[in-house]
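Here is a short tour in questions and answers. Look at the structure first, then read on.

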Amino acid sequence: MKTRLLSTAFTTVFAAALLAAAPGAFAQNTGKVKVGLMLPATGTFAALGTAIENGFRLYVAERGGKLGGREVEFVRVDDESDPAKATDNVNKLVKRDNVDVLVGTVHSGVAMAMARVAKETGTVLIVPNAGADAVTGPMCAVNIFRSSFSNWQPGYAMGDVMAKRGHKKVVTITWKYAAGDESVKGFKEAFEKGGGTVVKELSLPFPNVEFQALLTEIAATKPDAVYTFFAGGGAVKFVKDYAAAGLKKNIPLYGAGFLTDGTLEAQGADAEGLMTTLHYADSLGTPRDGAFRLAYAKSYKLQPDVYAVQGYDAAQMLAVGLEAVKGDLSRKADFAAALQKARIDSPRGAFSLSKSNNPVQDIYLRQVSGKENKIVSVASKALSDPGRGCKL
Ligand code: PHB
């Protein structure tokens with residue numbers, strides 16, 4: 001009896017001493033931090049997934065492989081940009097692989113499934129591309145962050161630009177899914193405010209690239225200009241088909257900047273002169289961007305694009321949060337507060353997060369010249385997504 005009492009007392013004292021010496025030692029701040037990277041490795045967005053992962057890994061490497069004092073370990077899943085497989089894929093990462101953090105993805109439909117699981121389980125999610133308005137709108141949560149943009153942002157900026165350039169009647173064309181629909185909706189909101197009219201909204205299912213019938217319809221409608229959202233392999237084909245159909249010289253083509261980002265090698269002369277809006281450009285000329293571009297080119301023998309920047313910044317955001325909680329991800333409120341306060345030193349220009357955790361950022365008007373999206377002007381200064389429907 002005496003021995004048992006003594007040993008209980010000893011255990012208690014011992015445990016208390018350990019806790020005092022290293023607060024949180026029994027929580028989740030030791031060992032490696034497991035990052036679940038859910039990105040497309042196949043399909044029309046494969047190159048985008050690679051650029052995001054490259055950017056993320058570059059920042060981690062610049063920090064000696066550690067964020068917030070913890071070594072970073074990756075678990076990867078190819079989500080194929082397939083919303084039908086998304087819930088299973090994200091559940092595998094959270095429940096089987098026990099990741100500490102989710103990073104993903106490119107496709108808005110897949111990202112919404114990730115946000116649902118992140119919200120249910122409280123897992124930190126950083127979205128390094130997908131613009132689904134809902135992620136920082138009705139689905140927003142204190143543990144869900146975006147390092148990229150909302151679909152509304154580049155669309156809204158371009159609506160303003162095109163109205164000011166004097167276009168009155170515009171046809172829109174995009175893939176029929178959240179990203180395309182929301183990009184067009186943002187565009188329309190600003191374009192109509194500026195006095196323009198969207199005369200026809202054309203779409204085809206994601207990721208189809210049979211554009212011919214729709215291009216014929218554009219030719220027959222004869223609008224002043226066209227606004228589009230396409231990205232990745234689909235953007236390459238659309239720009240080439242638009243030129244081949246003889247439309248480029250008669251009906252100016254504009255887009256959210258994904259139309260010409262990471263795609264210029266493949267688009268060649270067919271992209272020359274195209275104007276787009278995005279939160280990044282190839283010719284910012286700042287020391288911060290110059291250093292990033294050099295480091296990226298050295299590591300990967302490739303030029304970076306907007307996706308690489310978003311991946312890099314997702315890692316920076318994770319670092320800010322982890323440093324604030326000294327690696328202890330159970331301190332969720334402190335992690336969230338640190339990100340709300342932070343200014344992220346992005347190659348695109350420093351940004352902060354809105355109340356719903358979406359970047360408040362400059363949207364640039366760019367024009368393709370050779371192999372670069374050259375900056376023309378700042379189309380919208382410090383543009384903040386309205387975060388409609390977010391209650392935090
Ligand atoms: C999206 O689905 O939200 C999406 C995909 C590719 C892009 C941009 C947005 O380049």
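This is a predicted model: local features need pLDDT of at least 70, side-chain atom pairs count only at pLDDT 80 or more; totals for chains, interfaces and linings use all residues.

Q: How much of the ligand's accessible area does the protein cover?
A: A polar side-chain atom of Tyr-177 lies 2.6 Å from a ligand oxygen atom, and a side-chain N or O atom of Tyr-307 is 2.8 Å from an oxygen atom of the ligand. Val-106 uses a backbone N or O atom, 3.4 Å from a ligand oxygen. On its own the ligand has 280 Å² of accessible area, and the protein covers 100%.

Q: Is strand S1 mostly covered or mostly open?
A: S1 spans residues 33–39. Six of its seven residues are buried, that is, under 20% relative accessible area. S1 is mostly covered.

Q: In S4, which residue is the bridge partner of Val-35?
A: S1 runs parallel to strand S3 (residues 70–78), joined by seven bridges. There, Gly-36 has Val-75 as its partner. S1 also pairs in the parallel sense with S4 (residues 101–103), over three bridges. In S4, the partner of Val-35 is Val-101.

Q: How far apart are the end C-alpha atoms of helix H6?
A: H6 has 16 residues, 178–193. At 1.5 Å a residue, the helix should span 22 Å. The model agrees, because the end C-alpha atoms are apart by 22 Å.

Q: Which strands and helices do the buried residues of H6 pack against?
A: The buried residues include Phe-187 and Phe-191. Together, the buried residues of H6 pack against helices H4 and H5 and strands S7, S8, S9 and S10.

Notes: Residues are numbered from 1 along each chain as its sequence is written. Side-chain values use heavy atoms; hydrogens and water are left out. Buried means under 20% relative accessible area, exposed over 50%, partly exposed in between (1.4 Å probe, protein chains only). Helices (H or I, at least four residues) and strands (E, at least two) are DSSP runs, numbered from the N terminus. Two strands pair if DSSP finds at least two bridges between them. The expected span of a helix is 1.5 Å times one less than its number of residues. Contact means heavy atoms within 4.5 Å. A polar contact is a pair of N or O atoms within 3.5 Å; within protein, one must be able to donate a hydrogen and the other to accept it, and residues adjacent in sequence count only if both atoms are side-chain atoms. Accessible areas come from the Shrake-Rupley method with a 1.4 Å probe; for residues, only the protein chains shown count as cover.
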